[in-house]
Amino acid sequence: MLGQGILKGLAETARNFFGSYINKDRLTTVQFPEERLPQIEATRDFPFLVYDGTDWDQGMRCVSCQICEKECPPKCIYIVKSADKKPDATGKPQFYPARFDIDISVCMSCQICVEVCPFDAIKMDVDFELSTTDRFGGLLLNKQQLAKSNEYYNKIHPTEAAAVDAALADERAKADAKLRQAAEAKAAAAAAPPTPPAEKTVVQ
Amino acid sequence: MNLEAIKSEIEANVPGCRLEIIPNTSPSAQHSLLVDSAHAFTVASFLRDGASVRLDYCSNVTGIDWPLKEISTKTKVKKLVDGVEKDVDEIVKTQTGGYLEAVYHLYSMEQRQGPVILRMRTEDRTDRVHLPSLTPLWRSADFQEREAFDLFGIIFDGHPDLRRLLMWEGFVDHPMRRDYVDPDDYEYEPTAHDEVLKRAKEHQAAEGGL
Amino acid sequence: MSVLTESTIALSSGPVTDPGASQLLEVSMGPQHPSTHGVFRMDVSLDGEQVVKLKPVFGYLHRNHEKIAENESYLGCMPYTDRLDYICSITNNWAYALAVETLAGIKVPERAEYLRVITGELTRLQNHASLVGFLMQDMGASGTPLMYAFREREKILDLFEALTGARMMCNYMRFGGCRVDAPAGWLQQAQKVIDAFPKFLDEFESLLRTNEILMARTQGVGRVSKELAINAGLTGPMARASGVNYDLRKVDSYGIYDRFSFRVPLGEFGDVYDRYMIRLLEMRESLEILKQAMREIPAGPIMDPGTKIRGFRPKAGEAYGRIEAPKGELGFYLISDGTGNPYRFRVRPPSLINLTVLEDMCLGRNVADIVIILGSVDIVLGEVDR
């Protein structure tokens, strides 16, 4: 019968319409600004810089090795390396970025900077409401705007951050053990009876 | 499927053609067949219709730019210096490149074989850049040869509709050439990279200031 | 020289200048036209309502992807491939990864191969689902089928986001494996989506397959013969709708596709209706592959330990790697000169080459048919123009 196919299709639309009141799979959208879907953990949009502790400038993990700047495919990262060293969160003197800019109007959220960073210093953010009235300066984020605390990182990517924290703690414990060992060796050398000068230089 | 066998089959059937196997040393081992442009059309039509491997499907057509490059290699040569035989370093300078290349990846849908890679080379990169078009044999080369003409400047003789494909009419240069200089008339970009900023500003100054 | 085509057009360029032909109406469809799926233009000459000439005009989205890639590292090219066919970024990644792996002789671990198949077939599902939705939209079924298709696509995009971090620009694969392993619970979540998908397909088919208007609009429209399809290099669902039995998953059986049993649906008439049906049938076959892959996926590493991702320098040489992307044969032709950047980086875009026969399909048809013929080709302008 002509028109049978159309009637069949209309029955299908009716099923979807009424079904949307009872079945969640048939109505997957939400009323956006008022209602929000839960955050998916792996979500990424733009990079940010992680700092430990409370002072963003002091605790920044970035040591300005400039690998991300070189590897960034659209070249949206700009780093100026510091001339001097200053102590990081653990008190070890390190180079730091005198300037660290990311142009998020150029950034394409590929997270290659995160992948190549050997210091876990740069991670992907989830904040997408970034509209500004100034399309030039407003989208060029500087070091302070990029710096976010490790607690924030733990909040947005809990699983990933926990793994990073564990790895870093492990590394630090190893470094501490090494330092302690060196100190002990030094102390032992100092406690040892006086030795000829040539041997002393070896110990140091 | 053996490229040597295909080569000798072509040589037996297309008299006078000059073929050369270009070896590929990478793990992919996809060797290719260099055809002289005078006989390329005959060779290609033989490969499509006559050869035991019927290459009825032309998958990929592209151009490659090989600018003139001088390679100097050091070799140790025994020479008589003041009557004594000595090892002397001799620098041999060889020139490679200086041509544009068109590459065709051919497959046989019938026999599920492939790829057979055909290459053709132009004589130079400036005015003798003509190659025979294979579009009359494989329609799939139509847009791809137009693209190679557009971006590399290879002129395909016998192409039914050789116009620019991606760039606009009236554009002069060929952007995929290695020595192409990109224009500096882009909009001001706020990136922190000084080089881009500098060029944008220079251009705007030349145009009459910001 | 014999030409194996059915083309009846004189392939000549330029606008119609013959004063005797002043009856013809020239229409520029696009570049800003809702039916052209992007910034694509067709210069159409019309005799009344009938098409007598059609010239596609490209380049509005041209950004010279290949030139950009020549100045990038091998790793840096990967996120750019996402932006070719932005509906199916994962298969683009796969094709590029496969080309690099062929070039450098890299082996991929088992689990990564399975993850590639799973994400790749999910990509095919969501591409075909949205394509049939768009095709109905082009036909005038405003909204409803497209929204149903997008609703299902959304569930797959959520899976992609949970796995790769992004819905569309996934940047998921690396030469030598995949970037991240599936997080806890992801496979179960994917299984749920895969189990629910056949129900959507059933509904979608009963919604439209026997619809009289759809059949009247699509059957016999835009026919391509088998010979022309082969000669014009059509690939993917376009070629298979014309009866060309050529599926790279069977022919090359790249990756681990030889382990799965699935059928290749073939069309008979090569018209728009066949192309529509081929996509529906291919989705069912993809579900078959997915079921097998989900059952068999082993545990293990996801990256080849010997492959250096950063500072990757393959030996000089060249390689052509191709896969069966949802739109057809997607190939990458790479030439390495031994440095960290590819010397030549060529994309063989299926969308562009499938458009070769656009004029042949449209000649003699009405203007309204152009829209659905173009819709049935399934193009994405990011890939056509690159």
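Modeller: Contact here means heavy atoms within 4.5 Å. Please bear in mind that the model is predicted.

Colleague: Which residues does C:Asp304 touch, not counting residues up to four places away in sequence?

Modeller: C:Asp304 lies in the loop between helix 11 (272-296) and strand 8 (317-325) of chain C. With residues up to four places away in sequence set aside, its contacts are C:Ile106, C:Lys107, C:Pro109 and C:Gly176.

Colleague: C:Asp304 is buried and has no salt bridge; how far away is the nearest side chain of opposite charge?

Modeller: A salt bridge requires a side-chain nitrogen of Lys or Arg within 4 Å of a carboxyl oxygen of Asp or Glu. For the buried C:Asp304, the nearest side chain of opposite charge belongs to C:Lys107. The distance to C:Lys107 is 9.1 Å.

Colleague: How much area do chain B and chain C bury between them?

Modeller: In this pair, 48 residues of chain B are in contact with 57 residues of chain C. Carbon and sulfur atoms account for 53% of the buried area. The area itself is about 4,400 Å².

Colleague: Which element gives the largest share of the side of chain B that touches chain C?

Modeller: Across this interface there are 31 residue pairs in polar contact, both residues being at pLDDT 80 or more. Elements of chain B that give two or more residues to this side include helix 2 (40-50), strand 3 (57-66) and helix 3 (141-152). The largest share, nine residues, comes from strand 3 of chain B.

Colleague: Which residue of chain B forms a salt bridge with C:Glu70?

Modeller: Chain B and chain C have five salt bridges between them. In the one formed by C:Glu70, the closest N and O atoms are 3.1 Å apart, and the partner is B:Arg178.

Colleague: Which three residues supply 21% of the area that chain C buries against chain A?

Modeller: Here 32 residues of chain C are in contact with 30 residues of chain A. The buried area is about 2,600 Å², with 50% from carbon and sulfur atoms. More of chain C's share than from any other three residues comes from C:Arg151, C:Glu212 and C:Arg310.

Colleague: Which residue of chain A forms a salt bridge with C:Arg310?

Modeller: Three salt bridges are found across the interface of chain C and chain A. For C:Arg310, the closest N and O atoms are 4.0 Å apart, and the partner is A:Glu71.

Note on methods. Residues numbered from 1 in each chain as written. Chains lettered and ligands numbered in written order. Predicted model: local features only at pLDDT ≥ 70, side-chain atom pairs only at ≥ 80, totals over all residues. Heavy atoms only, no water. Buried area = accessible area lost by both parts, 1.4 Å probe. Polar contact = N/O pair within 3.5 Å; in protein donor to acceptor, adjacent residues only side chain to side chain. Helix = DSSP H or I, 4+ residues; strand = E, 2+ residues; numbered from the N terminus. Buried < 20%, exposed > 50% of the residue type's maximum accessible area, 1.4 Å probe, protein only. Lys, Arg positive; Asp, Glu negative; His and termini not counted.
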